[in-house]
Amino acid sequence: MPSSTASVERLFSLMNNLCTTNRNRLSQDTLTALMMLCREGCQQLSDDQTSKIVEIFKKMKVRDIAL
């Protein structure tokens, strides 16, 4: 059993930073992919993981936002 919950708390903090009230409709796959990119960075991910993340973002619906 881990002696500290700091790593879990960091993940929850990252998730709360990514999934805000303005971005509350992120799918589980998208949120997981964003968390992996933020936490690991592109250099630390394997080619297989990177390919999966790219496929998730390719499947996303294109949204036009008027600024």
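Is Thr30 buried or exposed? In this predicted model, where local features need pLDDT of at least 70, side-chain atom pairs count only at pLDDT 80 or more, and totals for chains, interfaces and linings use all residues, Thr30 turns out to be buried, with a relative accessible area of 6% (buried is under 20%, exposed over 50%, partly exposed in between, with a 1.4 Å probe and protein chains only). Residues are numbered from 1 along each chain as its sequence is written, and side-chain values use heavy atoms, with hydrogens and water left out.

Thr30 sits in helix α2, which covers residues 28-40. Leaving aside residues up to four places away in sequence, Thr30 touches Ile56, Phe57 and Met60 (a contact being heavy atoms within 4.5 Å).

Now for the chain as a whole. There are three helices and zero strands, in the order α-α-α from the N terminus (helices are DSSP runs of H or I with at least four residues, strands are E runs of at least two, numbered from the N terminus). The radius of gyration is 14 Å, well over the 11 Å that the globule rule gives for 67 residues, so the chain is more spread out than a compact globule; the radius is taken over C-alpha atoms, and the rule is 2.2 Å times the number of residues to the power 0.38. Along its principal axes, the C-alpha trace spans about 45 × 30 × 20 Å.

Buried residues account for 13% of the 67 in the chain. Of the contacts with a separation of 6 or more, 30% come from residues 24 or more positions apart.
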